[in-house]
Amino acid sequence: MQITIPRARLRAALFAVMAIVASAGLAVEVLRPIVGLKRRSGVVPLLSLSYEQNVPTWYTSSLLLTCSLCLAVIAAGARRAGGFVKHWWILSAAFLYISLDEVVELHEGASSWIELGGAFYYSWVIPAAAVVAVFAVAYLRFLGHLPRHTRNRFLLSGGIYVAGALAMELPLGYWAEHAGSDNLGYALIDFVEESMEMLGVNLFLLALVDHLAVQGWTIGFSQGAPEPQAAAAERAA
């Protein structure tokens with residue numbers, strides 16, 4: 001017996017879950033001042049995209065971890081599929097780190113290195129942008145060897161994710177410094193940021209699944225043939 005997951009259904013399921021998580025996070029922030037929801041307990045800290053270590057954080061971290069695992073599978077077979085083994089492994093390690101960072105907020109410590117204001121209120125974006133730039137340059141040849149459709153999907157998903165994770169931190173930081181973070185304006189900006197991150201990771205995961213499919217991998221669950229004695233027992237029953 002074999003149960004497979006069609007890619008169309010996987011795509012629909014991923015986007016449906018993303019829509020539910022994002023919509024729930026936005027709903028609790030909009031309803032909070034209207035119905036008087038508590039800020040530090042209840043559904044707000046559990047579902048809001050502006051909080052950490054909650055359902056949206058777990059969801060995004062799980063997606064990133066899944067991407068890391070898919071990249072590891074690709075890396076394991078990269079030698080026979082065109083090389084760039086180290087590049088695939090480094091990508092897998094990078095996504096594993098980002099998955100961990102999503103939960104424990106390792107990047108927040110970088111803000112203490114440089115204390116700025118305005119759009120750079122969250123100053124960790126400066127070293128992060130430098131790392132992304134170096135990473136992009138180092139991966140130019142890697143991107144060039146990919147099939148055009150795969151390369152375009154990697155660039156699109158990566159661009160959306162970076163725009164959310166880094167670029168949207170600029171208006172978010174400016175707003176936080178001038179208006180604070182305990183208001184609907186901050187929540188709306190953060191909603192856009194987190195939604196872009198979720199969308200980017202989902203698109204990248206789907207691109208990885210399709211890349212695996214091109215290499216002959218399938219996603220599914222199978223049950224081997226029953227043991228002879230077990231089969232005989234089933235027929236006797």
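This dialogue works through how to read several features of a predicted model.

Colleague: How much confidence does the chain carry, and where is confidence lowest and highest?

Modeller: The predictor's confidence in each residue is its pLDDT, from 0 to 100. The mean pLDDT of the chain is 86, with 84% of residues reaching 70 or more. Helix H10 (residues 228-236) has the lowest confidence, at a mean of 50, and helix H7 (residues 148-167) the highest, at 95. Helices here are DSSP runs (H or I, at least four residues), numbered from the N terminus. In this predicted model, local features need pLDDT of at least 70 and side-chain atom pairs count only at pLDDT 80 or more, while totals for chains, interfaces and linings use all residues. Residues are numbered from 1 along each chain as its sequence is written, and side-chain values use heavy atoms, with hydrogens and water left out.

Colleague: Which residues of helix H8 are buried, and against which helices do they pack?

Modeller: Buried means under 20% relative accessible area, exposed over 50%, and partly exposed in between (1.4 Å probe, protein chains only). In H8 (residues 169-179), Glu-169, Leu-172, Gly-173 and Ala-176 are buried. Because they cover an arc of only 100 degrees around the axis, they lie on the same side of H8; the arc is taken from the directions from the helix axis to the C-beta atoms. These buried residues pack against helix H5 (125-138), H7 and helix H9 (184-214), where contact means heavy atoms within 4.5 Å.

Colleague: Which residues have the most contacts inside the largest nonpolar core?

Modeller: In soluble globular proteins, nonpolar side chains tend to be buried together. A nonpolar core is a set of buried Ala, Val, Leu, Ile, Met, Phe, Trp, Tyr and Cys residues joined through side-chain atoms within 4.5 Å. The largest one has 35 residues, and Trp-88, Phe-142 and Leu-208 have the most contacts inside it. H9 gives the largest share, 9 residues. Another core, of 10 residues, lies apart from it and includes Trp-124 and Ala-176.

Colleague: Which residues are linked in a network of salt bridges?

Modeller: A salt bridge is a side-chain nitrogen of Lys or Arg within 4 Å of a carboxyl oxygen of Asp or Glu. The network links Glu-29, Arg-32 and Asp-182. Glu-29 and Arg-32 have their closest N and O atoms 3.5 Å apart, whereas for Arg-32 and Asp-182 the distance is 3.0 Å. The latter pair links helix H1 to the loop between H8 and H9, 150 residues apart. Arg-32 is buried at 14% relative accessibility, while Asp-182 is partly exposed at 44%.

Technical notes:
Helices (H or I, at least four residues) and strands (E, at least two) are DSSP runs, numbered from the N terminus.
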